[in-house]
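Visitor: I would like to learn how to read packing features in a model. Could you walk me through a case?

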Amino acid sequence: NISRRVCLQQASIYREAPRRNFTNLTPEQEDVVRLIYRDLKIDQKMLKSNELYKLQNQNLIQILPFEGKLELRVFKQHEYDALPDMNFPERAYGYVISTFDRTGLINTHSSDSPTGYLGESQTRSPNSPDGSNSKIADQDDYRSMLELFNVWTKDYMGSPSLNFVMDNKGMLVTNTEDALNPLGNFLPFVDIAQNKDWTYYVTYENADVDFTIDWNSLWTDIRYITRMQGWSQAILSGDPDLMLQTMRVGPSRVLKIPQKENSDIETKFEFVSPSPDLMGTLEVARTLLANYLSSKGLDTSIIVDKPDSNTYNSGIERMLALIEKFEVTRDDFNLYHNVEQDIYKIVKRWHNALRDTDQLSDKYKAAELPDESEIIVEFSRPEMLKTDQEKLEVYAKKEELGLMSSVMFIMEEKGMSELEALEYLERVKTHQQVKPMQAPPVEEESND
């Protein structure tokens with residue numbers, strides 16, 4: 001699956017955990033926040049989000065309390081419905097999350113809706129002219145009690161912010177008194193997307209998926225060509241009057257083919273095998289793959305079609321390769337920097353709303369987190385890796401220019417203080433002055 005491999009390669013900003021620092025918090029509050037982040041499995045879930053973003057150009061994050069702690073969920077595009085704002089459709093004033101297993105319904109109902117099908121959640125039936133379900137006491141009405149929807153909204157068009165659970169008939173499952181949003185006019189969701197075109201869902205075509213389909217089709221053809229190379233076609237040619245009508249061939253059989261005397265027509269039996277240019281076909285596939293990966297800014301070595309591997313002659317070459325990957329993910333750094341800010345706002349909201357209730361375990365409770373507290377995220381960047389020879393060449397050049405001494409080089413290389421570096425240099429000089437002990441000559445034994 002090339003699209004899967006490419007997405008994994010491009011989703012690299014959470015391969016190494018970023019450094020998160022919090023401002024305007026007491027040590028106790030910071031310890032609680034870090035504990036919440038640890039139990040959210042934040043880096044693992046954000047890596048998954050980054051992979052889905054590379055695959056679908058969009059995904060949704062939800063944070064909600066569950067069993068005494070906060071949980072972070074990542075949704076694909078088909079796993080939720082957004083309620084776009086009429087005045088600004090790129091944003092949603094609410095979300096509908098289904099808790100029903102739709103596996104059996106996806107194959108029977110299809111549409112262009114984000115969920116992938118016209119289900120009972122939209123109160124329509126494909127069998128009715130007006131799209132409404134007018135049947136009474138259907139055999140599958142029990143599904144309305146199984147298919148539950150969790151609805152979250154903000155204040156919109158005079159309606160208060162809500163949070164409730166309903167079935168697919170629109171009937172409330174939760175009590176009416178509990179239908180208000182516990183976070184007020186705030187949604188515990190983060191929409192991860194860029195380059196929207198005045199619609200909520202990012203709907204432009206995915207080049208990775210299209211190429212994967214074409215690539216697999218090409219390899220299907222190559223496999224067929226390879227199979228045909230091991231198969232031969234039996235051909236019998238000659239005088240029609242002397243043709244054998246039926247025959248069996250095999251390694252233990254001999255065919256006796258008649259031949260007319262003084263005839264210019266030769267009767268012969270042979271096997272003909274196709275001989276396509278298989279290596280040329282493989283080279284076309286490699287060129288196609290290289291062009292595709294180059295268009296994505298990726299090294300062609302991430303997809304291995306022959307047993308070769310990349311090696312770097314120096315740290316500079318490796319640095320350049322890492323910079324190429326860094327350039328590919330530069331936009332992701334900017335996007336997920338904002339995502340981290342939004343996630344922290346949700347964590348603060350939930351903590352302050354639940355710290356005086358039993359819905360949050362005591363170990364996650366602290367004094368109210370101030371609104372002015374913020375999170376500062378530092379993502380990993382490419383680091384220069386030098387060989388020992390390169391380090392010595394740089395030191396020699398700096399020493400020649402009078403920019404570095406032996407003590408400064410030792411301090412930088414060994415991580416020592418100036419005093420420790422001086423003592424280290426003295427020990428080295430002392431060892432250099434000591435002549436190595438020579439072993440006494442070995443006397444040869446005489447044979448007398």
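Guide: Gladly! Let us begin with burial: both Tyr-80 and Tyr-200 are buried (under 20% relative accessible area with a 1.4 Å probe, protein chains only). This is a predicted model, where local features need pLDDT of at least 70, side-chain atom pairs count only at pLDDT 80 or more, and totals for chains, interfaces and linings use all residues. Residues are numbered from 1 along each chain as its sequence is written, and side-chain values use heavy atoms, leaving out hydrogens and water.

Visitor: How many aromatic pairs does the structure hold?

Guide: Rings of Phe, Tyr and Trp (its six-membered ring) pair if their centres lie within 6.5 Å. The structure holds 18 such aromatic pairs. In one of them, Tyr-80 and Tyr-200 have ring centres 6.5 Å apart and planes at 90 degrees, so the pair is edge-to-face (planes over 60 degrees apart). Ring pairs also join Tyr-80 and Tyr-200 with Tyr-95, Trp-152, Phe-189, Tyr-201 and Trp-350 in a cluster.

Visitor: What sits over the ring of Tyr-200?

Guide: A charge counts as over a ring if NZ of Lys or CZ of Arg is within 6 Å of the ring centre and within 35 degrees of the ring normal. Here the charged end of Lys-196 sits over the Tyr-200 ring, 4.0 Å from its centre.

Note on methods:
Rings of Phe, Tyr and Trp (its six-membered ring) pair if their centres lie within 6.5 Å; planes under 30 degrees apart count as stacked, over 60 as edge-to-face and the rest as tilted. Buried means under 20% relative accessible area, exposed over 50%, partly exposed in between (1.4 Å probe, protein chains only).
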